[in-house]
Amino acid sequence: MALADPGPSGRFGDYGGRFVPETLVPACQELERSFRSAWADPVFRTELDRLLSDYAGRPSPLTECERLSDELGFRVLLKREDLNHTGSHKINNVLGQALLARRMGKTRLVAETGAGQHGVASATAAALMGMECRVYMGEVDIERQALNVFRMRLLGAEVVPATSGSRTLKDAVNEAMRDWVATVEDTHYCLGSVMGPHPYPWMVREFHAVIGSEAREQCERHLGGMPDVVTACVGGGSNAIGIFSGFVDTDAELVGVEPAGGAAVGRGIPGVVHGMRSYLLQDEFGQVQEAHSISAGLDYPGVGPEHSHLATIGRARYEQVTDDEVIEAFQLLSRTEGIIPALEPAHAIAWLSRDREALAGRTVLVNMSGRGDKDVAQMMDVLG
Amino acid sequence: MSEIPAAPAAPGALEAALRAGRDAGRKLLVPYLTGGLTVDGDHWLEVLRAVVDAGADAVEIGIPFSDPVMDGPIIQEASERALQSGATPLSILDELRRADVGVPLAVMTYYNVAYHMGHERFAAELADAGVAAAILPDLPFEEVGPWAAAADAAGVETVMLAAPTAPDDRLPVVCERARGFVYAVGLLGVTGERAALATSSLKIAARLKAVTDKPVLVGVGISDADQAVEVCSVADGVIVGSAVVRRVLAGEGPAGAADFVGSIRAALDASIDQ
């Protein structure tokens, strides 16, 4: 199988769709049409490829982790999205969406951000293309990710705190959608994950598929074949879908790693919020519950609809790790490989470390979706 | 995309009442209240009775949802406070069942509340509580099929929203599926008061009146009697939400809400007489 075009209904099995206020329906339809035409246009693709190589620094390397492999007892490779410009995989999607927004005649980007990685990437693309940019960020996250807030402002973006609800990523999405409802005529909503209303889950996946296609080629060259396991952290799930897309038609096992306090696939049931039907943490009346994770980027009660579909059909499975396991893994990778991971991909490392016995003898590819500089201040507090 | 059933041919209780009011030469007034929002000991059902007595033709009752993306700060705050005080969809419907206010009621909530309970059960609970209609602002035409089928079967009217961004060919399709009334979204933005009436309100009302004979009510951004009168020069009526709820949140109670709703009623009636 390959990951499919979800068609006009935007469905991945039972999941996905377009559950948005009527005001936004024409904008989502226009975005879908524009993306279809741009994605089939060699001029657009060439321009995006040029930005990905000359500006973002792609292709990102594949790194063999000898000391970590020795410690864990099986072979570990990292796909180094942390080495992209702005420090995470988020730039792949944002460059695509900003180019598309410009092609659609939009002059302003609005974005939500959790850890600030998508916000920084959006602010960067806006600066590059001379667009206005406003980023909504939960008040709690503004505190724990002060460095990224400063970076966004330095790049010329306006950072607006989301002060309702849990004051984290979920509420930043609400605020960004409210902004878009009011500004849809000149504004593109630069959504940061494989979530939201159709066409976002599909479009964002396509912009991140470059991770998987590069990694597959690199594995063929370096391993002479496919890894046994491909793993990535999952909040909304964009970096995971990006790398899974390159291996979904192989025998590799696909494993998403969720934070135990925000495990939508692991602990949620199907629901509808933020424009999509997907697994969702909710109470007995359908009120969305707050997620709790040490990682601001994964602190989200939902998940992209294609992950719900992959879980339902059994093509991917989803593990959970605790904050404490993540803190251990953050230090483990730093100490053994000289790579300080972001707290988000540290979830994937945490799973490898915990389940090392079950993984013995296998070759595991991890999507190292972002670097840890942004988390250092927070970890100084945690580790004392 | 699942199949979207045609709307029932006959109007339900809400649409019948609104059509009758319009046919009698009246401009229609539908206040919005957040269900379960009790401030300073003034029970929300008392506020409901007071706005009915002040001249509401129907009332929209919000069932609070954790993530109200179509709502501005006032209704967000009201929703949050109602949820914190323990209000649930079933507790609100239970209270409505006993309210017997004498005008049709429409529930406004977000789709996950209905989806989570199950379409058939939610529709049955509404009907059982005497609620005539449902408004689900995050359930656009393309996605309305499964809910509409259950609502139609239970005799619950599904109000459809029509927005200024809709191209001309979309409006008749939306109106065709609407029952109760057509909810004209007055402006680009979320619910909340505005200093002046948006010109988009008049424009969307006129575009809708040109394609449907169902009652066309404008909501979102209608803030006072003057704005209500102005938009009703084109529309059949108005929905007034945040301006009412702000007064409830401020502790003005049933009397304050009734004063305000009554002032709009009087202005609308006076505009007809002239």
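A: One term before we start: two residues are in contact if their C-beta atoms, placed from the backbone, lie within 7 Å. This is a predicted model, so local features need pLDDT of at least 70, side-chain atom pairs count only at pLDDT 80 or more, and totals for chains, interfaces and linings use all residues. Residues are numbered from 1 along each chain as its sequence is written, and chains are lettered from A and ligands numbered from 1 in the order in which they are written.

Q: New topic. What are the domains of chain A?
A: Domain 1 is 12-51 + 90-200, and domain 2 is 59-88 + 209-383. The bounds come from an automatic or database domain assignment. The C-alpha centres of the two domains lie 22 Å apart. Their contact takes 36 residues from domain 1 of chain A and 39 residues from domain 2 of chain A.

Q: How do H13(A) and H14(A) pack?
A: Helix H13 (residues 323-337) and helix H14 (residues 343-354) of chain A pack at about 95°, with axes 8 Å apart. Axes are lines fitted to C-alpha atoms, for helices over the stretch in contact, and angles run from 0 to 180 degrees between N-to-C directions.

Q: What does that angle make them?
A: It makes H13(A) roughly perpendicular to H14(A), a label for 65 to 115 degrees. Among the residues that meet are A:Phe330 in H13(A) and A:Ile349 in H14(A).

Q: Is strand S9 of chain A buried or exposed?
A: Mostly covered: five of its five residues are buried (20 or more other C-beta atoms within 10 Å of a residue's own, with C-beta atoms placed from the backbone). A:Val229, A:Thr231 and A:Cys233 point one way, and A:Val230 and A:Ala232 the other way.

Q: Which strand does S9(A) join?
A: Five bridges join S9(A) to strand S10 (residues 253-259) of chain A, and the two run parallel. A:Val230 stands opposite A:Leu254 in S10(A).

Note on methods: Helix = DSSP H or I, 4+ residues; strand = E, 2+ residues; numbered from the N terminus. Parallel < 35°, antiparallel > 145°, perpendicular 65-115°, else oblique. Buried ≥ 20, exposed ≤ 12 C-beta atoms within 10 Å, placed from the backbone. Pairing = 2+ DSSP bridges.
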